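Dear colleague,

Please find below the sequence and structure that I am handing over to you. My notes on the strands, helices, domains and contacts follow.

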Amino acid sequence: MSFNQEILSANNPNSANRDESGNINVGEIERVVCAVAGGALAVYGFRNRTLKGLLLTVAGTALLHRGATGHCNTYDLLGIRTSGDKTRNETSEPVAKDIHIEKSITIGKSPSELYNFWRDFENLPKFMTHLESVRCVGLNRSHWIAKGPAGKLVEWDAEVYNEKPNELIAWRSLEGEVTNAGSVRFEDAGERGTVVRVVLNYNAPGGKLSAFVAKLLGGEPGQMIEDDLRRLKQILEAGEIANVEGQPSGRDSQARPARTPETPIENTGEQVKSRAATSLG
Amino acid sequence: MKALCWFGKYDVRVYDVPEPKIINPHDAIIKVTTTAICGSDLHLYDGYIPTMQKGDILGHEFMGEVVEVGSAVRNLKPGDRVVVPFTIACGNCFFCRKECWSACDNTNPNAGMAETLYGYSGSGLFGYSHMMGGYAGGQAEYVRVPFADVGPKKILNGLTDEQVLFLSDIFPTGYMAAENCDIKPGDTVAVWGCGPVGLFAIKSAYLLGAERVIAIDDAPERLRMAAEHGGAETMNFAEEDVHDRLKQMTGGIGPDSCIDAVGLEAHGTTLDAFYDRAKAALMLTTDRPHALRQAIHACRKGGTVSIPGVYGAFLDKFPLGAAFAKGLTLKMGQTHVHKYMQPLLDKIEEGAIDPSFVITHRMSLADAPAGYATFKNKEQECIKVVLKP
């Protein structure tokens with residue numbers, strides 16, 4: 001079984017999203033949220049009886065329709081489906097697969113050092129900045145709290161379902177708000193240390209649309225994992241995470257133009273521009 | 001404390017800002033005793049380097065006295081006098097262990113940014129844009145130095161600040177440029193640009209055994225310094241055909257190696273130089289590689305072109321065909337300063353070189369904006385400005 005299949009088969013036994021109809025492409029929780037919010041908007045807009053009210057009614061009705069039918073045209077256009085995928089997985093529960101990330105990094109430590117650091121899941125928030133905390137609640141079970149979209153905290157329980165000491169750790173969510181599965185493999189790279197290969201799959205809270213929006217806004221999950229792995233490397237190789245927060249700058253709220261004994265010679269851009277530079281040191 | 005802050009193109013100001021604090025366990029805080037304006041600071045001043053933010057503190061050539069150390073710094077204590085390399089290196093990664101200190105994997109907090117532009121990120125640098133780490137620079141009264149147990153070199157003897165300050169950048173940079181030429185006895189080295197790095201490249205080429213060094217510039221005072229202090233033969237590119245002259249001077253063979261100590265803002269008098277300036281003015285290109293084109297063109301077959309001059313992004317009309325046809329070796333990159341500090345400090349102590357010869361201007365930090373303008377315009381025959389906080 002390939003590494004990837006290992007993860008894709010990590011089905012979540014407690015996921016609630018079921019696809020009853022081929023036309024449904026909105027997840028169940030999202031449908032409820034849409035229906036409630038849409039209904040409220042429609043009523044509020046209708047009472048308002050202005051142009052703004054009319055627009056709100058239209059928008060609310062669309063959301064209500066989306067919630068009631070479970071079908072979203074925007075998702076259709078974007079090729080997104082946040083409900084379960086019937087065609088792919090007929091008999092078993094849906095899996096974490098909206099977002100699939102594979103990243104690797106070489107770290108100058110032994111596979112056993114890396115395995116031991118990672119296997120203590122409580123270490124993960126030290127380099128995964130989107131994690132608020134991970135608490136181990138048993139040998140193979142842990143409780144994860146992460147920072148979701150818009151600063152909202154999301155929580156889930158996870159279990160280690162496969163591991164080989166110093167080689168592999170694979171985990172998946174059990175119950176909670178985010179369906180996800182991940183694995184990390186440690187490959188001996190001789191003098192260079194260890195190649196760490198991470199595979200993550202998850203269904204983002206708020207559906208795939210939120211992942212799409214997050215990507216647009218720069219919170220790209222692949223980049224995030226790359227940065228996480230870089231921080232892991234920094235902790236283990238350099239003993240600290242490179243950081244410039246809290247440094248002084250002229251942007252600081254307390255920063256002021258310095259009063260000097262003599263006013264510095266004023267230099268204007270035009271003066272400077274008119275002369276060319278040659279060799280620079 | 002007072003610090004020289006960047007606010008935009010041709011706009012640097014001295015601001016009162018909060019003093020730096022220890023952020024990480026390997027940090028130290030240095031009270032700056034002497035700092036300098038580097039030619040590469042002028043690339044920031046001229047707005048050529050991306051990812052600068054208003055208020056950034058500049059300066060990557062500085063030295064001073066340790067006033068505070070983080071919990072993991074064992075080799076320094078308050079009162080120690082140190083010179084600080086402009087590249088920040090962790091000392092433990094694959095690259096640091098190979099002595100490729102400026103390629104350190106672990107010191108750029110914004111490595112993702114540099115990766116987008118360059119594929120991989122180099123080390124963090126002081127005061128040189130956010131893509132290079134966003135570290136506050138040393139043209140200030142105090143500066144935070146990360147990995148203080150790895151970079152700073154203690155100065156234990158009676159050498160003056162001005163004699164050792166340039167171990168932070170330009171002396172190692174000029175030296176590495178010459179070392180990259182793999183100089184053999186009898187070699188002729190041509191150096192484009194007689195700014196401080198070019199001058200140190202000239203001196204270093206002789207230290208490494210070059211028979212002749214030919215210095216190329218158009219500023220008479222710089223050519224004079226190259227001749228008087230560097231012992232180089234000189235050539236004014238505004239008055240002579242550089243390629244032909246080099247060919248004649250080397251008996252038709254060409255220089256064995258060529259050093260481009262000019263970088264991305266070269267200017268020249270030939271057609272391609274005007275083309276570069278026009279394109280840069282129209283924002284159609286970022287770098288103006290006139291000196292580099294000329295160096296590649298002039299270099300002998302099988303020779304080496306060494307590039308200590310800074311390049312930022314993309315080059316137009318790059319004569320790779322000439323480099324290929326002649327089988328040239330091109331070497332370049334940010335200086336692995338850490339590697340050179342001790343051997344070059346030894347040379348200063350032995351009296352083989354006194355780097356303070358490049359200094360033409362001494363000013364207070366408060367006057368730094370005027371220092372930038374003077375250096376930029378080469379007013380008053382300015383070659384190197386040192387600042388006293």
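Which residue does A:Arg256 stand opposite in β2(B)? A:Arg256 stands opposite B:Asp16.

Before the details, some conventions apply. This is a predicted model, in which local features need pLDDT of at least 70 and side-chain atom pairs count only at pLDDT 80 or more, while totals for chains, interfaces and linings use all residues. Residues are numbered from 1 along each chain as its sequence is written, and chains are lettered from A and ligands numbered from 1 in the order in which they are written.

The model scores ipTM 0.90 and pTM 0.81. For chain B the mean pLDDT (the predictor's confidence in each residue, from 0 to 100) is 94, and 97% of its residues reach 70 or more.

Helices (H or I, at least four residues) and strands (E, at least two) are DSSP runs, numbered from the N terminus. Two strands are taken to pair if DSSP finds at least two bridges between them. An open sheet of four strands has the order β8(A)-β2(B)-β1(B)-β4(B), with antiparallel pairing. Its edge strands, each pairing on one side only, are β8 of chain A and β4 (56–57) of chain B.

Besides the pair already named, A:Pro257 has B:Tyr15 as its bridge partner. Within chain B, β1 (residues 2–8) and β2(B) are antiparallel over six bridges. These two strands form a hairpin with two residues between them, and B:Tyr10 in the turn has a positive phi of about 60°. B:Trp6 stands opposite B:Val12 in β2(B) and opposite B:Asp56 in β4(B); the antiparallel pairing of β1(B) with β4(B) runs over two bridges. Helix α13 (residues 368–377) of chain B lies across β1 and β2 of chain B, at about 160° to β2(B). Angles here run from 0 to 180 degrees between N-to-C directions, and axes are lines fitted to C-alpha atoms, for helices over the stretch in contact.

The contact between the chains

Residues are in contact if their C-beta atoms, placed from the backbone, lie within 7 Å. The contact takes 40 residues from chain A and 70 residues from chain B. On the chain A side, α7 (221–238), β8 (256–257) and α8 (269–273) each supply at least two residues. The largest share, eight residues, comes from α7(A). By class, this side of chain A has 13 nonpolar, 16 polar and 11 charged residues. In this classification Ala, Val, Leu, Ile, Met, Phe, Trp, Tyr, Cys and Pro count as nonpolar, Asp, Glu, Lys and Arg as charged, and the others, Gly among them, as polar.

The two domains of chain B

Chain B is assigned domain 1 (2–169 + 335–388) and domain 2 (171–332); such bounds come from an automatic or database domain assignment. The centres of the two domains, taken over C-alpha atoms, are separated by 25 Å. In the contact between them, 25 residues of domain 1 meet 22 residues of domain 2. On the domain 1 side, α1 (39–45) and α12 (337–350) of chain B each supply at least two residues, and α12(B) gives the most, with four residues. That side has 15 nonpolar, five polar and five charged residues.

The parallel sheet and its helices

A second open sheet, in chain B, has six strands in the order β13-β12-β11-β14-β15-β16, with parallel pairing. The twist averages 20° from one strand to the next. Strands β14 (residues 257–260) and β15 (residues 304–307) of chain B are parallel over three bridges, and B:Cys258 stands opposite B:Val305.

Helix α8(B) lies across β11 (188–192), β12 (212–217) and β13 of chain B, at about 165° to β12(B). Helix α10(B) also packs on the sheet, touching β11, β14 and β15 of chain B, and its direction makes about 180° with that of β14(B). These helices, α8 (residues 242–249) and α10 (residues 290–298) of chain B, pack at an angle of about 35° with their axes 10 Å apart. B:Val242, B:His243 and B:Leu246 in α8(B) meet B:Gln294, B:His297 and B:Ala298 in α10(B). This helix contact has three nonpolar, three polar and no charged residues.

With kind regards

Methods
Two residues are in contact if their C-beta atoms, placed from the backbone, lie within 7 Å.
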